[in-house]
Amino acid sequence: MEWTVSAAGLTRALSLVAVITAVGLLPWLSGRDPALTVLRARSAEQEPTKEALDAVRRDLGLDAGPLSLLGSWASDLARGDLGLSWVSGTEVLPSVTAGLQVSLGLMGAAFGFAVVLACVLVAPVLVRGRGSAGAGAAMLAAVPEFLLATVALLVCGVWLGWLPTSGWQGPQYMVLPALALGVPAGGVLGRLVADALPAVLDERWVELWRGAGVSRARVSAAALRRVLPPLVPQFGMAAVGLTGGAVAVETVFAVPGIGRTALGAAKSQDLPLLQGAVLALLALGLVTGAVAALLRRRLLGPALRDAELSLPPVRPVRTHPAIPLALFTVLAVAIGWGLLRDPYAVNTAARLASPSWAHPLGTDGLGRDVLARLGHGAAPTVGTAAAVCLASLLLALALGFLPGVAAGASDIANALPPVIAGILVAAAAGPGTGGAAFAVALISWPPLAAHAAALVQEVRASAFLTAQRAIGATPWWILTRHVLPSVAAPVARHALLRLPGMALALASLGFLGLGSQPPAPEWGLLLDESRAYVERAPWAALAPAVALAVLAGLAVSGASYAQGRQVTRVKRVPRVPRVGKEAPDGVGRAVVGA
């Protein structure tokens, strides 16, 4: 345990230094003259003459080089000074503080929406005592945030006039952006909890408690406490992601949050403001990670330290094969029909045409057939996202067996806004699909690694593995027959749940010089291109959005069906209850296994 704590601290420190250094080198990595970018940001009308550029370089100290500037910034930081903005000349600290306060308020509201939605998704499992395939939750998790934000703005703000559509002047201004952010996050969190509950509800103590007359509410609370420890880091990471990863929603609603501040600073190469914003987000990630780890240890009690955990068996829910078959049929028919059409044919006379026999899903702003673009965009969208998902899963499983390293690095990587990660990769590697995939992989693995690390720690601390070691089981036998089956299956289902989000992240990076570029028929690009006319032609946006949702439902339900067929091959020795552990009056001990 001491080695894990020290490894986590060292990894956090090294990761923090690496990210801050990369951000400090951004103007030079990009290959663009920072003096020219700052001059244009200060005054778009001023001519970029040699004298003007030299004056900017002298003013900012650019001639001293990036390492000198980074060292000067670090020394000022030690005195609590974040410096002056290169563009506005004002102090950075007030701007960062103001943006962080706005984002924290928005995060609190969005996290509240997410928790409520997660409770709605988990409630049927607690009531029925059995799980579901999770296709509905996966579809909610796949809803694009920026599309949901645009639709909410049009319906609730413009058409009905219920809520303000932009700005940040009171609590009513956070309702729509919080809803747009909270629905996908709630889908992910609800699915993770609902996925872990069925195995717990099948344990013997649940039957004994119910037979002894313990109330349903108390049994449900105990079951939730039993499944939450490995998932607590996911809730913390979701909160941090809602703070720094809300750039698209902040842009739609003109919210002056920290993510939007960081994006503006990166575009204008306002290095001190960018460094201050990123540092604030990284500090938030570290604090949240520490709080999540403390809460997790509190829930587990001394059982983790004493290796007396009693873990539920691996029991994925097997869905009816008709569900993945129906989703696959819908997706395959749409893609196959679209492949027979030309995705690039432009017909300006048929711009924004409604669905018809000639154009079953209508046309876009240039008169191109939406069905054709949906079909031809399936391979690059799903293929690249699947490759990123697989790479993230393998990295997460590898790091999961080094809990200290996984915890430290994931706290830092998760706090880095995806758009900033994309800009850094674009600056270092240049444009291309490979660069986009690498950028998305950089910010996709932390939740999976944190999940894997939490499960590995608990499996290693289980009383069952202690008994296996005592009877002479080899480390390889324990790893392949007990640890991996207990860790790989839930983390794999978690990865599939995030697959559509990875596809959307790949598309969003296309406009930063990475990945697919217009007129490529990539699904994320279709979504972004249709935002401008979603009010007039909603079908152009709904087609790729529904395709992503169906893909998410297919991935999760299909995986659960496959694992449901194979789970009987994993032999588990049943746990023998201890005296005093199964009685209703031993609530805490039965739940945490201590």
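Predicted model: local features only at pLDDT ≥ 70, side-chain atom pairs only at ≥ 80, totals over all residues.

Q: Which helix is R296 found in?
A: R296 belongs to helix α15, which covers residues 271–300.

Q: And what does the side chain of R296 reach?
A: The backbone oxygen of P229, at 3.4 Å.

Q: What else is R296 in contact with, leaving aside neighbours within four places in sequence?
A: Besides P229, R296 contacts P230, V232 and P233, and also A454, Q457 and E458.

Q: OK, switching to T150. Buried or exposed?
A: T150 is buried, with a relative accessible area of 11%. You'll find T150 in helix α8, residues 145–159.

Q: What does T150 touch, if I skip residues up to four places away?
A: Three names there: V252, R531 and V534.

Q: Let's talk about α3. Which of its residues are buried?
A: Helix α3 runs over residues 34–42, and its buried residues are P34, A35, T37, V38 and L39.

Q: What covers those buried residues of α3?
A: The cover includes α2 (26–29), α4 (50–60) and α14 (258–268).

Q: Which residue caps the N-terminal end of α3?
A: That's D33. One of its side-chain oxygens lies 3.1 Å from the backbone nitrogen of A35, and A35 is itself among the buried residues of α3.

Q: New topic: pockets. How much space lies in the largest pocket?
A: About 1,500 Å³.

Q: How many residues line the largest pocket, and which lie nearest its centre?
A: The lining has 49 residues, and E145, G245, P418, G501 and A505 lie nearest the centre.

Q: What's the lining like by class?
A: There are 34 nonpolar residues in the lining of the largest pocket, along with 10 polar and five charged ones.

Q: Then take C156: buried or exposed?
A: C156 has a relative accessible area of 18%, so it counts as buried, the cut-off for that being under 20%.

Q: And why is C119 called partly exposed?
A: Because C119 has a relative accessible area of 47%, and partly exposed is what sits in between buried, under 20%, and exposed, over 50%.

Methods. Residues numbered from 1 in each chain as written. Heavy atoms only, no water. Buried < 20%, exposed > 50% of the residue type's maximum accessible area, 1.4 Å probe, protein only. Helix = DSSP H or I, 4+ residues; strand = E, 2+ residues; numbered from the N terminus. Contact = heavy atoms within 4.5 Å. Polar contact = N/O pair within 3.5 Å; in protein donor to acceptor, adjacent residues only side chain to side chain. 1 Å grid on protein atoms, 1.4 Å probe; cavity = no way out; pocket = protein on both sides within 12 Å on 5 of 7 lines; lining within 4 Å. Points joined across faces, edges and corners; volume = space filled by probe spheres on them. Nonpolar A, V, L, I, M, F, W, Y, C, P; charged D, E, K, R; others polar.
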